[in-house]
Amino acid sequence: MTTEPTARSGRRRLLKVWLPAGLAACLVVPLAVMWWSSLLPASLSVMEMGAADFGTGPPLGHQHGHTGGGASLTGLIEDPARPADVRFELRAEATRLVIGGREIAGFTVNGTSPGPEIRARAGQLVEVRFTNVSVAGGATLHWHGLDVPNAMDGVAGVTQDAVAPGREFTYRFVADRVGTYWYHSHQVSHQQVIGGLFGPLVVEPADAVPQPVTEVVALAHTYAGVRTINGAPQDLEVAASPGDRVRIRVVNTDNVTLPVWAGEPVLVAAVDGAEVNAPTPVRDEQVGIAAGGRVDLLVTVPATGAARVQLSKATAVVVGPPGAAPPAPVQPGTWLDLISYGEPADVGFDPARTDRSFAYVVTQQPGFVKGRPGVWWAINGRLYPDIPMFVVAEGELVGMSIENRTGEAHPMHLHGHHVLVVARNGVAASGSPWWTDS
């Protein structure tokens, strides 16, 4: 008479024990699999990362991982028999920097941070012998914004091995694009670039003739929370007379967007090395420069004094007679929209007739990266290193729709190519062709 109630109570006891255990296993096992799959081997080939994404377009005739018909990276160089037109020697060292009276751990190039300026003319072959004197863990040089041969791109672990302390590497490339660029390490760059391992690079026109324009390079950088211009935590003064025109080559070396504004009207003459067609005076708007981006500003010194261009609330470029101290302009509440700035011009092709197109969606999601749990950046729903590898055929015109579904701006920089912005938030470009790499 008591068998059935006893059996039922036994089943209830089993359920109380095994149901939680089963639920726990349903949670733990997938988490364990995710953790295990996020671990990286001691070495990882870039060709084995993620999954191939061929986008929308004609079949390419090969699959991800197939090397037939490919080119050796070591062969993607300039003609080794061609002599260099200009040569530079750069030496990187780990040291202590003094910024605004504070001593911080950092890096120098040829004894300074920022490093020395590299300047060449379009078409010249530039040769740089880079020596890592004492940067632990190795270092490289990436030529940010210049489309150089892949073997010269300076991406440690992808296009070359990091240059170990006491070793050297020679870079050779043709500076074929006029404009404002910069160089920086691409090995643990979140430490080495932030610590000062970078410098300016300017390419002048091949037939450069003296122009009635003074120019200055202004590298905006934050060392340990201290805002600087060209490594100094104070205004950069540029001597000029009323009526003079001055070209300010602003380089944002930080990893966040840099707002720039002025008390006098300025022209945005170039963006990421590309000249703007028919720029107009910018008044009461701030210009946003993406992380790693560059903007050339043309300023005319007013008859009444000096012009002040703010690179932050703490630092500015002051253009005018020596000792001039114009008041800091109020930071505007609106941003210049490059999608409609300047006048249209022929780009030599129809941007609407792409051969292949991709979707690139940036999100943040929970998961494991290198065995560490957290909320990470994701591309098309995938976490590093299981990210899409976009595959194209040489010569194709490629379209890409980039969507940021997060609550913050995310810097993106393209190596070896420039992109033309054709629309943003559904609004078609109506101004000067907006070529960019950052």
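Author: Let us begin with burial. A residue is called buried under 20% relative accessible area, exposed over 50%, and partly exposed in between, with a 1.4 Å probe and protein chains only. P114 has a relative accessibility of 10%, so P114 counts as buried. This is a predicted model, in which local features need pLDDT of at least 70 and side-chain atom pairs count only at pLDDT 80 or more, whereas totals for chains, interfaces and linings use all residues. Residues are numbered from 1 along each chain as its sequence is written, and side-chain values use heavy atoms, with hydrogens and water left out.

Reader: Where does P114 lie, and with which residues is P114 in contact?

Author: Strands (E, at least two residues) and helices (H or I, at least four) are DSSP runs, numbered from the N terminus. P114 lies in the loop between β3 (102-109) and β4 (118-121). Contact means heavy atoms within 4.5 Å. With neighbours within four places in sequence set aside, P114 is in contact with F198, G199, L219, Y223, N230 and G231.

Reader: How is a salt bridge defined, and how many does the structure hold?

Author: The criterion is a side-chain nitrogen of Lys or Arg within 4 Å of a carboxyl oxygen of Asp or Glu. The structure holds 20 salt bridges. One of them joins the side chains of R96 and E103, at 3.2 Å from N to O. R96 is partly exposed, at 48% relative accessible area, and E103 is exposed, at 52%.

Reader: Which salt bridge links distant parts of the chain?

Author: One case is R308 with D235, whose closest N and O atoms are 3.0 Å apart. R308 belongs to strand β19 (residues 307-310), while D235 sits in the loop between β11 (226-229) and β12 (236-239), 73 residues apart. R308 is buried, with 14% relative accessible area, and D235 is partly exposed, with 27%.
Another salt bridge is formed by the side chains of D272 and R294, at 3.4 Å from N to O. D272 is in the loop between β15 (266-271) and β16 (274-275) and R294 is in strand β18, so this pair ties together parts 22 residues apart in sequence. Both D272 and R294 are buried.

Reader: Which residues are linked in a network of salt bridges?

Author: The network consists of E117, R119, R121, E204, E215, R247, R249, E275 and D296. D296 is found in strand β18 (residues 294-300) and is buried, at 3% relative accessible area. A polar contact is a pair of N or O atoms within 3.5 Å; within protein, one must be able to donate a hydrogen and the other to accept it, and residues adjacent in sequence count only if both atoms are side-chain atoms. Such a contact, of 3.0 Å, joins the side chains of D296 and R247. Beyond four places in sequence, the contacts of D296 include T180, I248, L267 and V268.

Reader: How is the pairing of β18 with other strands to be read?

Author: Strands of a sheet pair through backbone hydrogen bonds, either parallel or antiparallel. Two strands pair if DSSP finds at least two bridges between them. Strand β13 (residues 245-252) and β18 run antiparallel and are joined by 7 bridges; I248 stands opposite L297 in β18. β15 and β18 also pair in the antiparallel sense, over 5 bridges, and V268 has L297 as its bridge partner in β18. As for burial, 6 of the 7 residues of β18 are buried.

Reader: How many aromatic pairs are counted?

Author: Rings of Phe, Tyr and Trp (its six-membered ring) pair if their centres lie within 6.5 Å; planes under 30 degrees apart count as stacked, over 60 as edge-to-face and the rest as tilted. The count comes to 8 aromatic pairs. The ring centres of W143 and Y183 are 5.9 Å apart with planes at 50 degrees, so this pair is tilted. W143 in strand β6 (residues 142-144) and Y183 in strand β8 (residues 179-184) are 40 residues apart, and both are buried. Ring pairs link W143, F169, Y171, F173 and Y183 into a cluster.
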